[in-house]
Amino acid sequence: MLYREAGQFKTSYSADQGIFPILQDRIGMAILLAVAFVAVPLLASDYFLSTIFIPFLVFSVAAIGLNILTGYCGQLSLGTGGFMACGAYAAYKFATAFPELNIVVVFLLSGGVAAAVGVVFGVPSLRIKGFYLAVATLASQFFLIWLFTKVPWFVNYSPSGVISAPPREVFGWYVTGIEATAEAKYLFCLAFVAVLALVAKNLVRGRIGRAWMAIRDMDIAAEIIGIRPLQTKLLAFAVSSFYCGVAGALWAFIYTSSVEALAFDINRSFQILFMIIIGGLGSILGAFLGAAFIVLLPIFLSAVPQAMGVPVTTSTLAHLEFMIFGGLIVFFLIVEPHGLARLWQLAKEKLRLWPFPH
Amino acid sequence: MGRAHIARTIGDTLLKVDNVSLGFGGVKALTDVSFDIAKGEIRAIIGPNGAGKSSMLNCINGFYQPSQGSISYKGVVRGAMRPYEAARGGIARTFQNIALFKGMSTLDNIMTGRLLKMKRGFLWQCLHWGPAQAEEIAHRETVERVIDFLEIQAIRKTPVGRLPYGLQKRVELGRALAAEPELLLLDEPMAGMNLEEKEDMCRFILDVNEQFGTTIALIEHDMGVVMDISDRVVVLEYGRKIADGTPDTVKADPKVIAAYLGTGHG
């Protein structure tokens, strides 16, 4: 009843092409942003901020990155963890080599390094497709992690191989290091995520996004209307890896405050792939929904049996988590390949008509 | 019969196929085929199944490379080229089995036809504002004209996967038209359509040719349609050209009759 677009006439193409053409969506988004920027840091405890909200934001960036490559451009990749590691180590090297460099610049530069690496590993995509490409990206995953573990230059010759993120400030507030408060970290992360999500949305709704989707849906027809396959795919690899690299840098500097290769192993790649499958392939909203789902499910699983008074051991919980993820992925792949984002869209379509059936 | 009463200008040769042969291993798809397409005409390529019609179109738009012979476009002989280079040269096409981008809306599908003409760089695309937005809107206006022309306003925002077959064919024509091609290749634009849809499609093809002066090369099996709308017809059989000329001369050609109806063995 409340969700109606009747009476909202668009008189210009720019209004029709807006991200949120329906007024209710715009209001909803404004409220969501206000809650995220004001209410959450005021109300949420440090524990919630640093164990739920910050990892959710970091995962969202990585999921947007993978969704650009896999969901929009149709190139299956299992190298997400490797590209995140690239970003994390590049950020560490930049931050320690140029201490006076602003941390925002450091993160953007490290995204750029990850993008360059992504382009190199994206070159085989011209020749190989689908599962074979996935295996090629898997090679990049293992190679990159091996490189960061074996070459001591990347960790500035630290004997343990684990390094902590140096403290850096933005506008006089510490956002990394020990002195940084959870609120500052959260707001910094959120600002990054908001800008990156907007840029991703702009890319996918314009010329470049349409070229990606054309390659995804039918590469031969795309080539015949004049899209150059190699350039388009490599651009998708570059942008995707940039997002993954920034996510890796945020992970290392903001979330865990330490840089270690183990955090970016093959399991991380799979985890992010699960996010976009559950959240929705080819949707920016889906990346957020998938990230929220994967971050929240383990917490939900451990909280529910406790609340019901059922004693469940942690190992059972871990196994339960695997089983539920596995089941859900099979479910989504069969029933709704476009994931939670598609369910949300269907709900909105129903809501437009409600309470009438047609 | 014939379309001499309509004032159109049929000009010089736009595309010339010279002694083209194409083989896949031992199979000869095309043998020594030569014909030309004049600017502004509707040129039909007909022939029984497996005659090499689609292979001919694939050669023209750079999808296959002829093993022998040459193709010259606008007076220039082309070397080996990729399909996107043909697209840049102003050649657009549709496919026998629809090749739309199923995950995108009608509008976005037709917008992809404008991709080559959109120039704003990566950073502007990131902002989607100022010049990039102005460009997007300018192209949207062109695309809306194509949508109006094809009378598909109502399905603008519908994902093409949900559309019925006849409309999908129309959207595919729209995508090719959005590129404002000089040469439009249509591979069986009316295959699988009912009479009404065929009539609509014929009208669109004739209107495109008359209003925009687009040169059209089409493959079609419906002889009634071919004889009605085309200016000249080339007939292929087993990869060889057996006849070439106006619909009336081709229809009377004994080789063509034999190819279609078979020869008496009595």
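In this predicted model, Tyr238(B) has 15 C-beta neighbours inside 10 Å and therefore counts as partly exposed. The residue sits in the loop that links β9 (232–237) to β10 (240–245) of chain B. Its phi is positive, near 45°, although Tyr238(B) is not a glycine. Most residues other than glycine have a negative phi. Chain A holds a residue of this kind too: phi of Asn156(A) is positive, near 50°. Asn156(A) belongs to the loop between α6 (130–150) and β1 (163–164) of chain A. With 11 C-beta neighbours inside 10 Å, against a limit of 12 or fewer for exposed residues, Asn156(A) counts as exposed.

Chain B contains ten helices and ten strands. Along the principal axes, its C-alpha atoms fill a box of roughly 75 × 40 × 35 Å. Of the 266 residues in chain B, 42% are buried. Contacts between residues at least 6 apart in sequence were also examined in chain B; 69% of them join residues at least 24 apart.

Helix α1 of chain B spans residues 53–60. Seven of its eight residues are buried, so the helix is largely enclosed by the rest of the structure. The buried residues are Lys53(B), Ser55(B), Met56(B), Leu57(B), Asn58(B), Cys59(B) and Ile60(B). Gly62(B) follows α1(B) and has a positive phi, near 80°.

The domain assignment divides chain B into domain 1 (1–90 + 182–266) and domain 2 (104–180). Their C-alpha centres lie 27 Å apart. At the boundary, ten residues of domain 1 of chain B are in contact with eight residues of domain 2 of chain B. On the domain 1 side, α2 (83–88) and α7 (195–212) of chain B each supply at least two residues. α7(B) gives the most to that side, with four residues. The domain 1 side divides into seven nonpolar residues, one polar and two charged.

Between the chains, 26 residues of chain A are in contact with 32 residues of chain B. Four helices of chain A each supply at least two residues of the side that touches chain B: α1 (13–16), α7 (182–205), α8 (207–217) and α9 (219–224). Of these, α8(A) gives the most, with eight residues. The chain A side comprises 13 nonpolar, six polar and seven charged residues.

The largest nonpolar core has 174 residues. The members that touch the most other members are Val58(A), Val61(A), Ala62(A), Ala88(A), Ala91(A), Tyr243(A) and Leu250(A). Helix α10 (residues 229–255) of chain A provides the largest share of this core, 17 residues. Domain 1 (1–90 + 182–266) and domain 2 (104–180) of chain B both give residues to this core, so it lies between them. Leaving aside neighbours within four places in sequence, Ala91(A) is in contact with Val106(A), Phe107(A), Ser110(A), Ala249(A), Ala252(A) and Phe253(A).

Technical notes
Residues numbered from 1 in each chain as written. Chains lettered and ligands numbered in written order. Predicted model: local features only at pLDDT ≥ 70, side-chain atom pairs only at ≥ 80, totals over all residues. Buried ≥ 20, exposed ≤ 12 C-beta atoms within 10 Å, placed from the backbone. Contact = placed C-beta atoms within 7 Å. Nonpolar A, V, L, I, M, F, W, Y, C, P; charged D, E, K, R; others polar. Domains from an automatic or database assignment. Core = buried A, V, L, I, M, F, W, Y, C linked by C-beta atoms within 7 Å.
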